[in-house]
Amino acid sequence: MGFFSKIGQGLKKTRDSLMGTVNSLLHSFTKIDDELFEELEEILITGDVSVTAAEDICTQLRETVKERGITDPSQIRELLRETVADMLRGGQELALSTSPSVILVIGVNGVGKTTSIGKMAALFKSQGKKVVLGAADTFRAAAIEQLEIWAERTDTPIVKHTQGADPAAVVFDTLAAAKARGADVAICDTAGRLHNKKNLMDELGKISRVIDRELPDADREVLLVLDATTGQNAVNQVREFRAAAGITGIILTKLDGTARGGVVLTIRKELDVPVKFIGVGEGIDDLQPFDPDEFADGLFGE
Ligand code: GDP
Ligand code: MG
């Protein structure tokens, strides 16, 4: 299956719900007026687009309509696609130019961290990169085993300790292994739940300091994994994790299972953190680098 259809399929639920309503709105108007924009704004908001993001989109649309002298409501759909792509553009490139570089994957339990790591390992390997995985979610034995399964599946070396071990020590050993093996990317899993939140945040701080010390000049991505099905609650998770670790980007998973794909616009507008990957299924190739044009196409394209 090609790249286009994967994203298209992953966004199907959002597209069906959002575009269905937008289309009938546009059909019900014969001219472009304030009422049309007001109703469009409402529709976007019910599609998990935040109020300010929806306002921004409509303000931009009004300007473009005026500039280009557009009068036919049926042209709004294409303008919407264009506006959304523009709004999402920028910052989605991964900074992984050093060898090794480090990706730290963080986020609450069950959002798809370990799965996304497996998918990233497969993707980077297909690009000819050498990858090392670090099982720094030591909170449950099953978490280590799950990453091991992905390591086997992608034929990638993994560094692990036993359950309950110090995650920062696992990261230390992972970075050492990456250096020793001449790896291009070290990807570290982390726990999403500890005895309490302070514990979790302290632990992430400690892991960050280990990376600072061991690979001070390495490129680093700190990717927060968010489950798209949680909609706007995801925004709160960004705020919490951002305080503990300098997030460089988002992996938004489970877009295939939800009509809440509009949350991508909310994240962009409210938090100004770029989405770098989207998860559109449970399979090994169901992680796509985020492409604003593909995304906007998937939502509003023909
Ligand atoms: P973790 O606790 O953050 O490490 O989450 P896991 O990687 O264990 O994933 C939790 C569940 O979400 C698993 O059943 C995954 O297969 C599933 N999952 C992860 N990403 C996606 C995705 O993009 N789409 C779908 N449908 N399921 C996903
Ligand atoms: Mg996990």
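Predicted model: local features only at pLDDT ≥ 70, side-chain atom pairs only at ≥ 80, totals over all residues.
1. The largest pocket. About 380 Å³ of space lies in this pocket. Its lining is made up of 21 residues, and those closest to the centre are Gly 110, Val 111, Gly 112, Thr 115 and Lys 254. By class, the lining holds three nonpolar, eleven polar and seven charged residues.

2. Helices at the pocket. Which helices each supply at least two residues of the lining of the largest pocket? They are H6, residues 113-126, and H7, residues 141-154. H6 gives the largest share of this lining, with five residues.

3. The volume of the largest cavity is about 30 Å³.

4. Lining of the cavity. The residues that line the largest cavity are Leu 88, Val 264, Arg 268, Val 273, Pro 274, Val 275 and Phe 290. Six of the lining residues are nonpolar, none is polar and one is charged. Arg counts as charged, so Arg 268 in that list is the charged residue of this lining.

5. Helix H2. This helix covers residues 12-28, which makes 17 residues. From the first C-alpha to the last, H2 reaches 23 Å, close to the 24 Å expected at 1.5 Å a residue.

6. The buried side of H2. Which residues of H2 are buried? They are Thr 14, Leu 18, Met 19, Val 22, Leu 25 and Leu 26. An α-helix has 3.6 residues a turn, so residues three or four places apart point the same way. The spacing of the buried residues can be checked against that rule in the structure above. These buried residues pack against helix H3 (34-46), H5 and helix H12 (292-300).

7. Leu 96. This residue sits in the loop between helix H5 (76-88) and strand S1 (101-106). Is Leu 96 buried or exposed? Leu 96 counts as buried because its relative accessibility is 11%, and the cut-off for buried is under 20%.

8. Neighbours of Leu 96. Leaving out residues up to four places away in sequence, Leu 96 touches Ser 101, Val 102, Ile 103, Phe 124, Lys 129, Asp 219 and Glu 221. One of these, Glu 221, is 125 residues from Leu 96 along the chain, yet the C-alpha atoms of the two are separated by 7.7 Å.

Key. Residues numbered from 1 in each chain as written. Chains lettered and ligands numbered in written order. Heavy atoms only, no water. 1 Å grid on protein atoms, 1.4 Å probe; cavity = no way out; pocket = protein on both sides within 12 Å on 5 of 7 lines; lining within 4 Å. Points joined across faces, edges and corners; volume = space filled by probe spheres on them. Helix = DSSP H or I, 4+ residues; strand = E, 2+ residues; numbered from the N terminus. Buried < 20%, exposed > 50% of the residue type's maximum accessible area, 1.4 Å probe, protein only. Contact = heavy atoms within 4.5 Å. Expected span 1.5 Å × (residues − 1).
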